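The following note sets out a set of points for a colleague who wishes to examine the model shown below. Please read each point with the structure open.

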Amino acid sequence: GKTIMVYTKEEFKAKVESIQAESWYKNPIGFGIAKVDRGQLNSDKILQATYPVVNWNENFGSAAIFMDAFKQAGVDIDTTKSEVVLDISDDFVTNCIENFR
């Protein structure tokens, strides 16, 4: 579906509930957004990941918005796996901004 702009707490809650009702969605046990440091010789090698905040069994509304923003950006998320690592893109950020006005 298309990203719908959210302006009020009520619209945010309704958007989260609609995402959580989708068949692919599953509340994560934990999630976070990390800044990664990459190797100088091999930029594919991640040396470390720094998570300013780790959400543990909390903030499921934000998790739903983030997961939907990835899907809207064309990223396939397999919620049957125990861990998912995704790269943030401009499309992801734009989709998030539309939901956190």
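Predicted model: local features only at pLDDT ≥ 70, side-chain atom pairs only at ≥ 80, totals over all residues.

1. Y51 is partly exposed, at a relative accessible area of 44%; here buried means under 20% relative accessible area, exposed over 50%, and partly exposed in between, with a 1.4 Å probe and protein chains only. Y51 sits in the loop that joins β3 (46-50) to β4 (55-56). Together with I29, V54 and W56, Y51 forms a nonpolar patch on the surface, whose accessible area is about 470 Å² in total. Such patches consist of residues with over 30% relative accessible area and no salt bridge, where nonpolar side chains (Val, Leu, Ile, Met, Phe, Trp, Tyr) are joined within 5 Å and like charges within 9 Å.

2. Residues are numbered from 1 along each chain as its sequence is written, and side-chain values use heavy atoms, with hydrogens and water left out.

3. As to the overall fold, the protein contains three helices and four strands, and from the N terminus the order of the elements is α-β-β-β-β-α-α. Helices (H or I, at least four residues) and strands (E, at least two) are DSSP runs, numbered from the N terminus. Along the principal axes, the C-alpha atoms occupy a box of roughly 45 × 25 × 25 Å.

4. Of the 101 residues in the protein, 27% are buried. Among contacts (heavy atoms within 4.5 Å) between residues at least 6 apart in sequence, 56% join residues at least 24 apart.

5. How many positive and negative side chains does the protein have? There are 11 positive and 15 negative ones, and the centres of the two sets lie 1 Å apart. Lys and Arg count as positive and Asp and Glu as negative, with His and the chain ends not counted; each charge is placed at NZ of Lys, CZ of Arg, CG of Asp or CD of Glu.

6. The structure holds three salt bridges, each defined as a side-chain nitrogen of Lys or Arg within 4 Å of a carboxyl oxygen of Asp or Glu. One of them pairs E17 with K13 at 3.9 Å, N to O. Because these two residues are four apart in helix α1 (residues 9-20), about one helical turn separates E17 from K13. E17 is partly exposed at 45% relative accessible area, whereas K13 counts as exposed at 53%.

7. A salt bridge also links K15 and D68, at 3.7 Å from N to O. K15 belongs to helix α1 and D68 to helix α2 (residues 60-72), so the pair ties together parts that are 53 residues apart in sequence.

8. The side chains of D37 and K35 form a salt bridge at 2.8 Å, N to O. D37 counts as partly exposed at 25% relative accessibility, while K35 counts as exposed at 54%.

9. Most residues other than glycine have a negative phi. N57, in the loop between β4 and α2, has a positive phi near 50° and is partly exposed at 48% relative accessible area. N59 is found in the loop between β4 and α2; its phi is also positive, near 55°, and N59 counts as partly exposed at 42%.

10. Finally, F12 lies in helix α1 and is partly exposed, with a relative accessible area of 21%. Leaving aside residues up to four places away in sequence, F12 touches V6, G61, I65, N99 and F100. F12 and S62 are 50 residues apart in sequence, with their C-alpha atoms 9.7 Å apart in space.

Methods: Areas by Shrake-Rupley, 256 points an atom, 1.4 Å probe, with all protein chains shown as cover.
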